Structure formats: C-alpha cells, structure tokens
Amino acid sequence: MADATSKSYFWKGFRDGTPFIFVAIPFGTLFGVFATEAGLGIVQVVAFSATVFAGAAQFTALQLLQENAPTAIVLASALAVNLRVAMYSASLTPFLGAAPMWQRACAAYLTVDQSYACSIVQFEKEPKMTVPQRMAYFIGSVTPITPCWILATYLGAVLGTRIPESWALDFALPITFLAMLGPMMRTLPHVIAALVALVVSLLAVSVPFNLGLLIAGTAGMIAGAQAEVILVRRKAHA
Amino acid sequence: MTQIDPTTMWTVIIGLAIGSFALRFVFIGFVGDRPMPPWLLRHLRYTAVAILPALIAPLVVWPSATEGQPDAARMAAAAVTLSVGVFTKNVLAAIFSGAATLYGLLYLLA
C-alpha cells in the first residue's frame, strides 16, 4: 500500500468522502443526545458508536430497549436493519477479495454507507485499478468521517441531558430515518418494498416481543424482490 | 422512558459490535471471489428500504410522547420529511424541513 499511486488514491478517496462529514456530524450528535436521554452513560454511548459504527442499527436497538423488548429481539432487529452492510460486503468482494486478510478485516469494520457508495462508483469507473489502489481509495473515503462520527457522538452525549422536553426529540429518529428513505426510492420495487413494510408494520403492531418489525421487514423484502422479478420478466417480453 | 439496566445495555452493545462486524466480514472475508446466488442478492437489496419504514410507521402514527394519541404536528412533519427526501434526494434538506414543520406546528397548535 506504500507505493506512490496507492498514496494518491488514498487522497482521492479522502476528498471524495469528505462531504459526508456533513451527514455524519449531525447524525452522530443526534445519536449521542438520544442515547443519553435513554439513560446511557458517556462511556456506553461512545463505545456503542465506535464498535458498532452503524447509526441506523444503533437507533433501532435503543428504541426497542426503551420499549422493553427482549434482548434477543433487540439484537435481531438491529442486525436486520444492518443487513445492508452484508450486501455492501458482498458487492465489494469482487474488487477487494484478493487483498491480504488483515486488510480485508479492516475494510470490513469500515464498511458503511458512505465508503461503499464512494468506492463502488470509483471501482466501476476505473476497472484497471489494482487491488492495493482500490484498498487505499476505500480506506481514504472513510477516513474523514470515522473520527467525526465518534467525536460527534461524544458531543451529543455531553449535550444530551441539557436538552428540554419541549424540543420534541422523541421525533428526531422518525425524521432522520424518513429523510434517509427518500434517496433510497430509486426504483418501483424499492417503493413497493417500503409501502408493503409500512402497511404490515401498522397491522402487526400488537404482535408480542416487537416481532412486528421483523415480520414487516421480511414482507417488504419479499415484495421488493418479487416486484423486481416481475418487472424484469415484463421488460423481457416487451 | 424506562431506565435501561447496564447489563442489558452492555450485552446489546457487545452483541451488536460482534454481529455488525460479522455481517460486514462474511462476504469479503469468507466468500472471497466465489459468486453468490442471485435470489439472495435480490432480497438483500431491499432490506434497508423495508426495515426503516416498518420501524418508523408505528412511531409516526402512535407517538410515545403523546401517549399513543395520533398527533397532527408529527404526522405533518413526517409527510414533509418524506416528500422533500423523495423529491430532492437530499437527506439534510429533508431533515431540516421536517424539523421546521414539526416546530412550526407544535408552536401554532399549542
């Protein structure tokens, strides 16, 4: 990874990843505030962000813990929210799979929405990049946001308890997630998956152990996958 | 809000840390260059887009802050956030317009 071209790819990744700090900082702060409101100590909040490194899953876990869901359900639901990083891992494998094991382990820890989004665009645009160059770019793209994410969480945790109830922070989570949902509505199957999950979640709200979330999520995934199959088939006929 | 006990909290933090790493490592670490079945990839594509609405919908319709009573300000804020997000594809613009709607209506309706 030490040769000159890898170095320049690291900095290219760094530049491409930098705008995402404007998402990571507010989102991290919000998590810190939300977690502190839920009664977590600063050490817990920072350990949470630094080791799990997945905002949406962290919010989900906290929300369910506050609703007194059983621990197994909390873990299963939060990991389900995080299943998309497995998809990122799968999609990056053809590009980075040949790197040494320790580098792949580091890359795994750093696989987040932002590093994936930057890297997959770059790797497809320049198919001739070598594996070390790709790894340098990938690490570069996530370097600006990792410290910002952890620091912002810490700041949020420090601020947290000083925020009055009239600020309606209970609604910070729905607003943040709804905002993230907009850009995900790329195709008709994505919209169908979201709508089916929404309707099922409202119908299944009284299912015990908060299993409604997993049932609704699974229903949405199946609906999206089926819609995709039907659309592709229809296109082939047309 | 109920207090979360520290043992449960640490169990969840450590469990999620290990679980999230496993999810990220499973393909890049173990699968290597072998191809994966298309049906699996097809379902994985829709996980985030299905789980997020399923998590939020009940919180929007029956907010905990109003003891489960549907609330006009929160419903309107949710609708504005989603619409701005869908049309602008800009996450921050959606968050700010949603928050502005929420505070505006909470102030007007109070």
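Let me start with a definition: two residues are in contact if their C-beta atoms, placed from the backbone, lie within 7 Å. Hello everyone, and one note before the tour. This is a predicted model, in which local features need pLDDT of at least 70, side-chain atom pairs count only at pLDDT 80 or more, and totals for chains, interfaces and linings use all residues. Residues are numbered from 1 along each chain as its sequence is written, while chains are lettered from A and ligands numbered from 1 in the order in which they are written.

First, chain A. An automatic or database domain assignment sets the bounds, and chain A is divided into domain 1 (4-169) and domain 2 (185-238). The C-alpha centres of these two domains lie 25 Å apart. Eight residues of domain 1 are in contact with six residues of domain 2. On the domain 1 side, helix α5 (residues 71-81) of chain A gives the most, with four residues; helices here are DSSP runs of H or I, at least four residues, strands are runs of E, at least two, and both are numbered from the N terminus.

Now, how many residues of chain A are in contact with chain B? There are 77 of them, meeting 67 residues of chain B. Helix α11 (residues 172-184) of chain A gives the most to the chain A side, with 12 residues. That side divides into 54 nonpolar, 19 polar and four charged residues, where Ala, Val, Leu, Ile, Met, Phe, Trp, Tyr, Cys and Pro count as nonpolar, Asp, Glu, Lys and Arg as charged, and the others, Gly among them, as polar.

Of its 104 residues, A193(A), A197(A) and A54(B) touch the most other members. Helix α3 (residues 47-61) of chain B gives the most to this core, with 10 residues. Domain 1 and domain 2 of chain A both give residues to this core, so it lies between them. Leaving out residues up to four places away in sequence, A193(A) touches, among others, G220(A), M221(A), Y46(B) and V49(B).

Finally, chain B: it has five helices and zero strands. Its C-alpha atoms fill a box of roughly 60 × 40 × 20 Å, taken along the principal axes. Of its 110 residues, 41% count as buried.

Technical notes
A nonpolar core is a set of buried Ala, Val, Leu, Ile, Met, Phe, Trp, Tyr and Cys residues joined through C-beta atoms within 7 Å. A residue is buried if 20 or more other C-beta atoms lie within 10 Å of its own, exposed if 12 or fewer, and partly exposed in between; C-beta atoms are placed from the backbone.
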